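Subject: Structure for you to look at

Hello,

Here is the structure I promised to pass on. Please open it and keep it in view while you read the rest.

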Amino acid sequence: MKIPMLDLKAQYRGIKSEIDSAVIEVFESQYFILGPKVKECEAAIAEHSNCSHAVGVSSGTDALLIALMAEEIGPGDEVITTPYTFFSTGGSIARMGARPVFVDIDPRTYNIDPALIEAAVTPKTKAIIPVDLYGQSADMDPIMEIARRHNLIVIEDAAQALGAEYKGRRAGSIPHYGCFSFFPSKNLGGAGDGGMVVTNDEQRAEKLVALRAHGSKPKYYHKVVGGNFRLDALQAAVIIVKLSHLDGWTAGRQANAARYNELFRAAGLVDDGKVTLPDVVTDRHVFNQYVIRVPMRDELIEALKANDVACQIYYPVPLHLQECFADLGYKEGDMPESEKAARETIALPIYPELSDEQAKYVVDCIGEFLM
Ligand SMILES: *Cc1c(COP(=O)(O)O)cnc(C)c1O
């Protein structure tokens, strides 16, 4: 049996006629950049994430970047974030000329540990970027409370968490900004790059709209310098179609996670401490990834590869130890939980189309290796 990390061809087969006609509609309109499809997509994502405004942009990375630009965060400013995330989170801060300040994670959820944030706040701190890693919301209440006390902006990196919920509230709807990605491997992936910023603040939304098109407002008049961060109509059309299937796919991912948990328990791998299952501490974990901790992780990966089971390490090097951030002065041992997670974790295939039989095969392979 061969098991991929993700099976987008299977997903496409299920919705081919809807996608094909949406794409043809865009070609017939010849309206490729922004326009009515993008507006429709923005309204749909705003509704889905319970926000009053959504601004379509060119990627999840650009969503983070444009939110930082809207707050005029730059040289001399500090932004607190987690080192255990996709590079984009820290890279966006650095690209604005600001300094990323890393705060270690809670080992149960892999998300930034709110108890450690306040000690990292300085007079230069302007914002916090929590990440909803693997599809589970960060612990937003204490983060928002710290932000209120210190007058900080919070930008939620919800690139992996569209539709996730924290105490009944959708990812992206709690802080000043929520950022989504439509990269094809996310839970809601486009047919290329795409992203969205959501906010409940009208003025912030207006600023994002201007910055997305070179700060232009009205057209050809520029009070600020923005960039080309526009979402295109083809992506919007695909995202609109896929959004109507997202709840079903999320249910599929959650069912697969529950099945993996059951299989690992039945194999005795949880009780004997060999496998640590994902900890679900929020209302709606959307499982962009299913991540477990295991001993001898690197050897296990080789064993899985030999059995044609795909798996991934998210992420092998925490951001504070990346070469490009060497001048920030961090060293090994500074973020022990992130470093431990980078050594011990492995993501297994969790896509909605994964069958019972495939899940069982994955767990059998792991059991065989660990026994
Ligand atoms: C995917 C991802 C991004 C960036 O999204 P792109 O659309 O690829 O630019 C940012 N942050 C996190 C946590 C991500 O997983």
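Predicted model: local features only at pLDDT ≥ 70, side-chain atom pairs only at ≥ 80, totals over all residues.

Helix H4
Start with H4, which covers residues 87-95. Ser88, Thr89, Gly90, Gly91, Ser92 and Ile93 are buried there. What do these buried residues pack against? One partner is a helix, H3 (60-70). The others are strands: S2 (78-81), S3 (99-102), S4 (125-129) and S5 (153-157). After H4 comes Gly97. Its phi is positive, near 85°.

Helices H7 and H10
Two packed helices are described by the angle between their axes and the distance between the axes. Take H7 (residues 233-266) and H10 (residues 356-370). Their axes come within 10 Å and cross at roughly 40°. H7 is therefore oblique to H10. The crossing is right-handed. On the H7 side, Arg259, Tyr260, Leu263 and Phe264 make the contact. H10 brings Asp356, Ala359, Lys360, Val362, Val363 and Ile366. Of the residues in this contact, seven are nonpolar, three are charged and none is polar.

Arg293
Find Arg293 in strand S10 (residues 290-293). Is Arg293 buried or exposed? Arg293 counts as buried because its relative accessibility is 8%, and the cut-off for buried is under 20%. A polar atom of the Arg293 side chain lies 3.0 Å from the backbone oxygen of Pro107. Leaving aside neighbours within four places in sequence, Arg293 is in contact with several residues, including Pro107, Tyr110, Lys274 and Glu344.

Best wishes

Terms used
Residues numbered from 1 in each chain as written. Heavy atoms only, no water. Buried < 20%, exposed > 50% of the residue type's maximum accessible area, 1.4 Å probe, protein only. Helix = DSSP H or I, 4+ residues; strand = E, 2+ residues; numbered from the N terminus. Contact = heavy atoms within 4.5 Å. Axes fitted to C-alpha atoms, helices over the stretch in contact; angles between N-to-C directions. Parallel < 35°, antiparallel > 145°, perpendicular 65-115°, else oblique. Left-handed = near helix turned anticlockwise from the far one by under 90°. Nonpolar A, V, L, I, M, F, W, Y, C, P; charged D, E, K, R; others polar. Polar contact = N/O pair within 3.5 Å; in protein donor to acceptor, adjacent residues only side chain to side chain.
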